[in-house]
Amino acid sequence: MTAQKTNMHFGIDPRTHEIVIGSFRMKLPESRWLRTTIGVLLILGGILGFLPVLGFWMVPLGLLVLSHDSHFVRRQRRRLAVWWASRKARRNTR
């Protein structure tokens with residue numbers, strides 16, 4: 001059995017249920033309640049990003065964690081990803 005290499009650079013790997021950001025991978029908890037709590041806390045911490053320890057980077061990470069369980073957040077994340085890819089493709093064709 002050989003391991004398949006994926007081109008995923010950002011998102012949630014559906015096979016391993018890990019958050020993937022570049023080469024960084026982090027396993028999500030199996031409990032839906034715990035994932036939702038972590039996502040909400042990341043978003044709330046990101047809103048307070050002007051404080052020294054917290055940062056605005058926490059908002060997209062929280063949305064990514066929430067997108068694993070929430071259809072609405074997942075749909076919005078996919079729309080953003082499609083928009084971003086089409087925007088990047090248009091810039092490369094110029």
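Contact, in these exercises, means heavy atoms within 4.5 Å. The model is predicted, so local features need pLDDT of at least 70 and side-chain atom pairs count only at pLDDT 80 or more, while totals for chains, interfaces and linings use all residues. Residues are numbered from 1 along each chain as its sequence is written, and side-chain values use heavy atoms, with hydrogens and water left out.

**Exercise 1. Find what covers the buried residues of helix 2.**

Step 1: Helices (H or I, at least four residues) and strands (E, at least two) are DSSP runs, numbered from the N terminus. Buried means under 20% relative accessible area, exposed means over 50%, and partly exposed is in between (1.4 Å probe, protein chains only).

Step 2: Pick out the buried residues of helix 2: Met58, Leu61, Gly62, Leu64, Val65 and Leu66.

Step 3: Now look at the cover. It includes strand 1 (10-13), strand 2 (18-21), helix 1 and helix 3 (71-93).

**Exercise 2. Work out how strand 2 pairs with strand 1 and with strand 3.**

Step 1: Two strands pair if DSSP finds at least two bridges between them.

Step 2: Take strand 1 and strand 2. They pair in the antiparallel sense over four bridges, and glycine 11 stands opposite valine 20 in strand 2. The two strands form a hairpin with four residues between them, and histidine 17 in the turn has a positive phi of about 55°.

Step 3: Move on to strand 2 and strand 3. Four bridges join them, again antiparallel, and isoleucine 21 stands opposite phenylalanine 24 in strand 3. This hairpin has two residues between its strands, and glycine 22 in the turn has a positive phi of about 65°.

**Exercise 3. Trace the salt bridges of aspartate 13.**

Step 1: A salt bridge is a side-chain nitrogen of Lys or Arg within 4 Å of a carboxyl oxygen of Asp or Glu. A search of the whole structure finds four of them.

Step 2: Start at aspartate 13, which counts as buried because its relative accessibility is 4%. Its side chain meets that of arginine 15 in a salt bridge (3.7 Å, N to O).

Step 3: Aspartate 13 also meets arginine 25 in a salt bridge (3.3 Å, N to O). That pair links distant parts of the chain, with arginine 25 in strand 3 (residues 24-27) and aspartate 13 in strand 1, twelve residues apart. Arginine 25 is partly exposed, because its relative accessibility is 36%.

**Exercise 4. Describe the surroundings of arginine 35.**

Step 1: List its contacts. Leaving aside neighbours within four places in sequence, these are Leu28, Pro29, Glu30, Val65, His68 and Asp69.

Step 2: Check for a salt bridge. The side chains of arginine 35 and aspartate 69 form one (2.8 Å, N to O). This pair also links distant parts of the chain: arginine 35 in helix 1 and aspartate 69 in the loop between helix 2 and helix 3, 34 residues apart. Aspartate 69 is buried too, because its relative accessible area is 15%.

Step 3: For the other group, salt bridges that share partners join Asp13, Arg15, Glu18 and Arg25 into one network.
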